[in-house]
Amino acid sequence: MKSWAKMLKRWVWQWRGVLLAVPTATGFVLGMREVGLLQGLEWLAYDQMLQARPAEAPDQRVAIVGITDADLQRFGTTTLPDGVYAQAIERLKAMGPRAIGLDIYRDLPQEPGHASLVRLFNNTDYLVGIAKVRGETAADRVAAPPALAAKGQVGTNDFVVDADGKVRRVLIDTQDTENNKIYGLGLYLALLYLDPENIAPETVAAEPGAFQLKNAIFRRFRSHDGGYIRANDAGNQLLLNYRGGSGSFETVSLRDLVDGKLPTNWARDRVVLIGNISESGRDLFLTPYSGKPLELPQRMAGVEIHAHFTSEVIAAALDNRPLLTTWQEPIEWLWIVGWAAIGSTLAWLLRLPDSRRWIAIWGIGGSGGLVLLLWGICQGAMIQGLWVPFVPPLLSWLVGATMVALYLARTAGQIRNTFGRYLNNEVVANLLEDPEGLKMGGERRKITILTSDLRGFTATAERLPPERVIEIINLYLEAMADAITDFQGTIDEFMGDGILVLFGAPTTRSDDGKRAIACAIAMQQAMGGVNAKMREMGYQPLEMGIGINTGEVVVGNIGSYKRAKYGVVGAQVNLTYRIESYTIGGQILITESALEEAGGSDYVKIAATQQVQPKGVPEPITIYDVGGVGAPYHLTLERAQETYYPIAPLQFTAQPLDGKHVSSQAWAVALVELSTKGGWLKIQGAINPASKAPAPNPQALTKPLTNLKLNLAEASAPDTLPPGPENREVYVKVLPSPDRPDHVLVQFTSKSPALGQWLQSLGDRAQATASESNTTAPQA
């Protein structure tokens with residue numbers, strides 16, 4: 001029992017953010033929905049989903065005779081007389097329609113021709129007129145044609161208009177002032193059409209207000225259906241399932257019908273509605289198809305809305321075309337809760353460093369992917385006739401994610417107080433999830449250590465304002481941090497322009513060694529983008545060296561409870577720094593232990609090897625110059641081939657460096673060949689040391705990986721070089737090279753900007769001269 005309680009407690013703690021966010025987000029969204037703040041947005045989403053459905057073929061069973069402004073001009077009046085309608089109905093009857101709907105008020109005679117129209121009313125059992133039934137005062141209502149009212153052939157043409165002015169619902173039936181039940185015009189006409197098919201309304205015992213036509217059940221609209229909140233559901237209403245926008249039905253003009261221009265069978269077995277579609281008739285309404293966002297709304301004639309209702313009833317009964325339905329409220333609540341849980345859970349998981357990549361891989365895809373997923377579900381349901389809410393779940397997802405973020409932000413102060421001494425997100429996350437992570441002390445662990453450092457950046461920084469130095473450092477560190485994060489390295493420390501990265505702490509992975517070397521190559525490759533921005537800013541390019549070593553160290557919380565850091569200590573850390581100090585710009589050097597940890601030469605492509613004896617190491621060790629890695633990363637460290645061009649000798653004084661200390665021993669040397677990154681020095685001899693100083697040792701100048709400080713002699717300095725010894729200093733590293741007596745190959749590690757530009761111009765001229773010589777050389 002105790003173990004279950006402990007597991008439950010641990011589970012609640014692990015998911016505490018989600019458990020707090022889901023009910024909060026759900027309550028917030030349901031509250032906003034209940035007060036109606038989301039209704040307009042839900043209507044907008046509903047309209048867009050209707051418009052986005054696949055286009056439907058026109059329903060040939062329903063047609064419209066439209067009264068246009070041209071018809072009114074044709075007959076020379078703004079109110080057509082009864083005789084014109086009588087002619088139109090006579091012609092339609094001759095074509096054999098199943099039903100005729102006259103969507104024109106005819107409660108009063110309009111001479112001439114009234115008697116002819118009344119005779120047709122009395123003699124046509126499938127002719128339905130209209131009455132405006134709903135209205136608070138008598139002036140708001142319009143009576144039906146008396147002859148049709150006496151026969152009961154009247155339908156209401158009232159529409160239910162939402163608060164945004166759009167018609168989304170129609171009346172199945174309603175009651176007049178005398179409590180007589182009157183069908184909606186569209187339903188009445190559809191029933192006349194279905195009568196020859198022996199299809200008539202049947203009551204549904206379990207659902208008061210509902211009726212059935214064949215297999216289609218027409219359920220009464222309720223005030224909270226779909227996105228509606230406390231809507232007026234008086235009368236028997238139905239969500240109108242439009243077939244499309246304006247022009248969904250075949251429409252002919254009244255004058256063409258009266259003038260006999262239509263085929264004799266045009267109306268055969270059809271429902272034909274006669275109504276005003278002119279702009280001057282003012283019988284136009286906004287619908288869900290009234291334009292897209294940022295477009296002017298297009299209104300639909302009332303007679304066409306009745307046609308949509310007629311078509312909906314017929315198609316539902318005969319074609320099994322779905323009616324628009326909605327979920328019951330408890331199901332909608334669960335739908336909203338579910339999306340609040342999705343948003344909260346994803347936001348909670350994203351706080352973990354290893355979760356982001358997997359979430360993206362499995363297609364959740366972030367914000368855009370979730371919106372598309374939600375929209376796809378709602379759109380698919382709408383195609384099947386089910387209105388699934390879109391805005392509330394979207395909002396609950398966003399609010400859930402926001403609540404998690406707010407929770408994390410609220411606890412950030414506590415986290416900073418406890419973990420402000422840690423510099424890496426992975427360290428913080430692991431410590432938060434592990435109750436033992438806060439204890440001081442460490443553990444022995446075999447890890448792979450990576451250190452990097454910019455070559456010659458100190459000299460550049462000394463000549464720039466501090467603000468510019470920080471700008472450059474941040475540019476460089478941001479690019480490096482991105483590469484390190486991609487390979488799941490732990491940034492333990494930023495040290496000026498140097499970085500200490502751990503692979504294997506705090507989390508150990510089986511491929512730590514492989515990722516470390518691949519990360520180093522990615523970091524060197526990222527320097528291309530850094531240097532592109534450096535050139536845009538007007539600065540000299542930067543170069544970086546990287547050292548990698550694998551060994552046993554102590555990792556953990558170092559310091560005190562007042563101030564501490566997660567770090568590593570041990571001889572292997574110091575050795576890594578030594579290895580990195582041997583590098584030149586763009587180079588990656590690794591130890592033999594790092595090579596073995598990565599899988600040996602089967603994985604790492606070795607460009608060169610050399611023996612070194614770092615300070616504090618009793619025996620020489622082998623280090624390896626990395627040229628690339630194999631599967632699964634397949635990265636290559638590109639290096640440009642250096643070409644050295646002869647130049648007029650430049651006189652320098654050369655002094656070896658021991659760490660940061662400049663030796664008192666000095667030699668006179670001359671730079672006789674120059675490349676983009678270095679050159680050949682000719683040793684001219686030692687400069688007499690001060691009294692009692694030891695004699696200069698030639699190996700101090702020629703030993704590979706030795707750092708030298710060069711000072712340009714006054715005689716060789718150009719007039720354009722700014723005054724001051726700091727503008728004549730060049731730092732170089734001795735490179736392994738072919739045996740060339742009295743010469744040493746070096747690569748520049750640091751030089752003043754002015755001297756660097758001058759040397760570059762010398763190199764460019766030397767290259768141009770060499771090219772011209774090759775071009776003009778006589779052919780053998």
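Q: In which sense does helix 2 pass helix 11, right-handed or left-handed?
A: In this model, which is a predicted one, helix 2 passes helix 11 in a right-handed crossing.

Q: And what angle do helix 2 and helix 11 pack at, and how far apart are their axes?
A: Helix 2 and helix 11, the latter covering residues 329-349, pack at an angle of about 140°, and their axes are 8 Å apart. The two helices are therefore oblique to each other.

Q: Which residues make that contact?
A: On the side of helix 2 the contact includes Arg 16, Gly 17, Val 18, Ala 21 and Val 22, while the residues of helix 11 that take part include Glu 332, Trp 333, Ile 336, Val 337 and Trp 348. Sorted by class, the contact of helix 2 with helix 11 has 12 nonpolar, four polar and three charged residues.

Q: What about helix 2 and helix 14, how do their axes cross?
A: The axes of helix 2 (residues 16-34) and helix 14 (residues 391-410) come within 8 Å and cross at roughly 140°, and the two helices are therefore oblique to each other. Helix 2 passes helix 14 in a right-handed crossing.

Q: Which residues meet there?
A: Among those of helix 2 are Leu 20, Thr 24, Phe 28 and Met 32, and they belong to a contact in which helix 14 contributes residues including Pro 392, Leu 395, Met 403 and Tyr 407. The residues of the contact of helix 2 with helix 14 divide into 12 nonpolar, four polar and two charged.

Q: Changing topic, where is Ile 377, and is it buried or partly exposed?
A: Ile 377 is found in helix 13, which spans residues 366-383, and Ile 377 is partly exposed, with a relative accessible area of 37%.

Q: What does Ile 377 touch, leaving out residues up to four places away in sequence?
A: With those set aside, Ile 377 touches Trp 335 and Trp 339. As for Arg 16, which lies 361 residues apart from Ile 377 along the chain, the C-alpha atoms of the two are separated by 29 Å.

Q: Now the strands: is strand 25 buried or exposed?
A: Eight of the nine residues of strand 25 (residues 621-629) are buried, so strand 25 is largely enclosed by the rest of the structure.

Q: Which strands does strand 25 pair with?
A: Strand 23 (residues 588-591) pairs with strand 25 in the antiparallel sense over three bridges, and Leu 589 has Asp 625 as its bridge partner in strand 25. Strand 24 (residues 604-612) also runs antiparallel to strand 25 and is joined to it by eight bridges, with Ile 623 as the bridge partner of Gln 610. Strand 26 (residues 635-636), again antiparallel, is joined to strand 25 by two bridges, and there Val 629 stands opposite Leu 635.

Q: How many residues lie between the strands in the hairpin of strand 25 and strand 26?
A: That hairpin has five residues between the strands, and in it His 634 takes a positive phi near 50°.

Q: One more, what order do the strands have in the open sheet of three?
A: The order is 8-9-10, with antiparallel pairing, and the edge strands are strand 8 (202-203) and strand 10 (216-218), each of which pairs on one side only. Strand 8 is joined to strand 9 (residues 211-213) by two bridges, and Phe 211 is the bridge partner of Thr 203.

Q: Which helix packs on that sheet?
A: Helix 10 (residues 302-319) packs on the sheet, touching strand 9 and strand 10, and the direction of helix 10 makes about 145° with that of strand 10.

Conventions:
Residues numbered from 1 in each chain as written. Predicted model: local features only at pLDDT ≥ 70, side-chain atom pairs only at ≥ 80, totals over all residues. Heavy atoms only, no water. Helix = DSSP H or I, 4+ residues; strand = E, 2+ residues; numbered from the N terminus. Buried < 20%, exposed > 50% of the residue type's maximum accessible area, 1.4 Å probe, protein only. Contact = heavy atoms within 4.5 Å. Axes fitted to C-alpha atoms, helices over the stretch in contact; angles between N-to-C directions. Parallel < 35°, antiparallel > 145°, perpendicular 65-115°, else oblique. Left-handed = near helix turned anticlockwise from the far one by under 90°. Nonpolar A, V, L, I, M, F, W, Y, C, P; charged D, E, K, R; others polar. Pairing = 2+ DSSP bridges.
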